[in-house]
Amino acid sequence: MLKYALKRILLLIPTVLGITLFIYFIMSLVPGDPAAMLAPQEATAEEIEALRVSMGLDKPMLIQYLRYIWNVLQGDLGVSWFTKKSVAAELVNRLPYTLTLGVMSTLIASIISIPLGTLTAVKHNTLADYVVTFLCLFFSAMPNFWLAILLQINFSLNTGWLPAFGMGTPAHYVMPVIAVCASSIASNTRSTRTWVLDVIRSDYVRTARAKGANEVTVVMKHALRNALLPIITGLGSSFAGVLGGSVVIETVFAIPGVSTYLTTAVGVRDMPIITGCIMVISIFVGIVNLLIDLLYSVIDPRVKYE
Amino acid sequence: MSEQMKASAKSDRVSRLKSTSKGRFRIFWKRYSRNKLAMAGLVVFMIILIASFAAPLIVDYSAAIKQKISNKFIQPGSSADHFLGTDQFGRDMMARVLYGGRISLGAGLATVAIAFLGGIVLGGVSGYFGGTVDTVIMRVCDMLMAIPGTMLAMAIVAALGAGLDKLMISLSIVLMPAQARMVRAAIMNLRNAEFIEAARTYGTKNARIIFKHLLPNIMGPLIVSTFMSLGTVILCIASMGYLGIGIQAPTPEWGSIISENQSNIRYYAYLGYVPGIFIMLSVLSLNFIGDGLRDALDPKMKN
């Protein structure tokens, strides 16, 4: 298992290299000169050229890329084109907020959606099932930033119950977490329902009922346990979804996380920041997916790693 | 009920053997129209879509763009000229929402169409030929799927530069890997089927095998997944519009209408509800359409 984990972590390296190369490649396709954009209005052609050389933009794309990777290996993610501040230092400050938001939302989403989905599967085609399914459809169609704005107005600006912006106390997390995880609760509940329904019609569940096991045992031990594998896989991809969702939510609540950093950088095309953010995020998504893969053997002893 | 449906599905399968494409469509439509939610979704989506694309017949574009401060914050329903009210600059909300729908829905449809074609080409090549081509394409797909879609789209937009066309390209790059994978898996399943082998033995060209024999057989699930992703894409475009990525003010877009009114929503709730409800209704109806299509095109996928 350790060997498997190590192999998976090593496999993250080509992914990260590929992603950054991809971004460099797209950037090189686009005409336009960042140095000219960054230089002051009255700069002469020589000054722009000097700026270009100092940014390393005079070299071919592949050389730029290799130099970037070489620096990354030494822990240097470069500096912002505009503010000249270190990207790595900024990311270290911002990552805790985004990761806390992401992990909390994924956990809360699974705590709510697995029981709810199981319940709707057991109470298949009853009023409870219809109500929950309708709510799920409703929340999965709702833009998360819209939900965030509505929460912000009703629970903060109009009533003063919760802080509206920023980070600091646990209370600051309440609304962002709700806004981020609403849609993943909705989709996970629906997929849990599908998977449990699938299992609940199987022969061994009928056998368990026939031998007189009570309903709770049947559902918890026979049905849910066997449906858990695909459900957990879904939660892994919902971590990526949650991080993607946090892009807008961090802006709505002015959270100083990685997403707001990325958003402001995209507005001004500050490429070192963008590449840095994408790299860090892909590493964390990879690690979470690995952890979920390792969870498989806990859930299902038949799973073997090679 | 389920017995009856099983029986009808079986008879469909038998009759399909000699059915023409017209007959096939009739069977599909019969199955689809049985689903009330899917029909409701189709009606609502068509109304929004037609209203958006026929917007010039309903209101003038200048009503969506031209500022007239004396008309600001007219409540919906209180003025005959401004059915859905006006915003802080006195611009007609109905005009903004309808013209915004052209961008939100139009860009969404275009994005999904590009991803659909790209997915077929990439997945088809990958699944049919296998080998090194397959490995390379699939590794690139894995790589692109390793980052949250919204973030990848933002990074690509940043690299390409602002503009609606760039936004559509970046979103379709985000969608393509999943689509390609699905096509690949479906084709690999069929690649060694007897009818393909038969076609090959009498010397059919690769292109003809792919387009005439393979693709029609995997179209059903492919169309379903495309429709299912359309809702997500519309939400994604709205998020991008909200963040001001891709679409430039004062061009209206559903997400950007919400962000430009954000500070006033607290006092004039309709400014938030009007665009928000349009987004929700279109995504919801698309989800219903997707469910209906899945049940109609591929009864095996139904739970």
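I began with Trp81(A), which counts as buried because it has 20 C-beta neighbours inside 10 Å. For this I used the rule that a residue is buried if 20 or more other C-beta atoms lie within 10 Å of its own, exposed if 12 or fewer, and partly exposed in between, with C-beta atoms placed from the backbone. This is a predicted model, in which local features need pLDDT of at least 70, side-chain atom pairs count only at pLDDT 80 or more, and totals for chains, interfaces and linings use all residues. Residues are numbered from 1 along each chain as its sequence is written, while chains are lettered from A and ligands numbered from 1 in the order in which they are written.

**Entry 1: Trp81(A)**

I located Trp81(A) in the loop between helix H4 (61-73) and helix H5 (87-122) of chain A. Helices (H or I, at least four residues) and strands (E, at least two) are DSSP runs, numbered from the N terminus. Leaving aside residues up to four places away in sequence, I found that Trp81(A) touches Pro34(A), Leu38(A), Asp270(A), Met271(A) and Pro272(A). Contact here requires C-beta atoms, placed from the backbone, that lie within 7 Å. I also looked up Gln152(A), which is 71 residues from Trp81(A) in sequence and 34 Å from it in space, C-alpha to C-alpha.

**Entry 2: the two chains**

I recorded 12 helices and zero strands for chain A. The C-alpha trace of chain A spans about 85 × 55 × 35 Å along its principal axes. Of its 306 residues, 37% count as buried. Among contacts in chain A between residues at least 6 apart in sequence, 72% join residues at least 24 apart.

For chain B I noted 14 helices and zero strands. Its C-alpha atoms fill a box of roughly 75 × 50 × 30 Å, again taken along the principal axes. Chain B has 303 residues, and buried residues make up 45% of them. Of the chain B contacts between residues at least 6 apart in sequence, 70% join residues at least 24 apart.

**Entry 3: confidence**

I checked pLDDT, the predictor's confidence in each residue, from 0 to 100. Chain B averages 82, and 91% of the residues score at least 70. Within chain B, confidence is lowest in helix H1 (residues 2-16), at a mean of 50, and highest in helix H3 (residues 36-53), at 92. The model scores ipTM 0.86 and pTM 0.86.

**Entry 4: where the chains meet**

I found that the contact takes 38 residues from chain A and 35 residues from chain B. Several elements of chain A give two or more residues to its side, among them helix H1 (2-29), helix H8 (171-200) and helix H11 (258-268). The largest share of that side of chain A, seven residues, comes from H10(A). The chain A side divides into 25 nonpolar, 11 polar and two charged residues. In this scheme Ala, Val, Leu, Ile, Met, Phe, Trp, Tyr, Cys and Pro count as nonpolar, Asp, Glu, Lys and Arg as charged, and the others, Gly among them, as polar.

**Entry 5: nonpolar cores**

I then turned to the nonpolar cores, each a set of buried Ala, Val, Leu, Ile, Met, Phe, Trp, Tyr and Cys residues joined through C-beta atoms within 7 Å. The largest has 133 residues, and those with the most contacts inside it are Ala148(A), Leu262(A), Ile274(A), Ile278(A), Met154(B) and Ala155(B). Helix H6 (residues 93-129) of chain B gives the most to this core, with 15 residues. Ala148(A) touches Met175(A), Ala179(A), Ile249(A), Val252(A) and Phe253(A), not counting residues up to four places away in sequence. A second, separate core of 13 residues includes Ile114(A), Ala227(A), Ile231(A) and Leu235(A).

I examined H11(A) and found it mostly covered, with eight of its 11 residues buried. Leu262(A) is one of these buried residues, as are Val258(A) and Tyr261(A). The buried residues of H11(A) pack against H5, H10 and H12 of chain A, together with helix H8 (149-160) and helix H11 (206-243) of chain B.

Most residues other than glycine have a negative phi. I noted Ala254(A), in the loop between H10 and H11 of chain A, with a positive phi near 50°. Ala254(A) counts as exposed because it has 12 C-beta neighbours inside 10 Å. Arg269(A), which follows H11(A), also has a positive phi, near 55°. I placed Arg269(A) in the loop between H11 and H12 of chain A; this residue is buried, with 22 other C-beta atoms within 10 Å.

Conventions: Contact = placed C-beta atoms within 7 Å.
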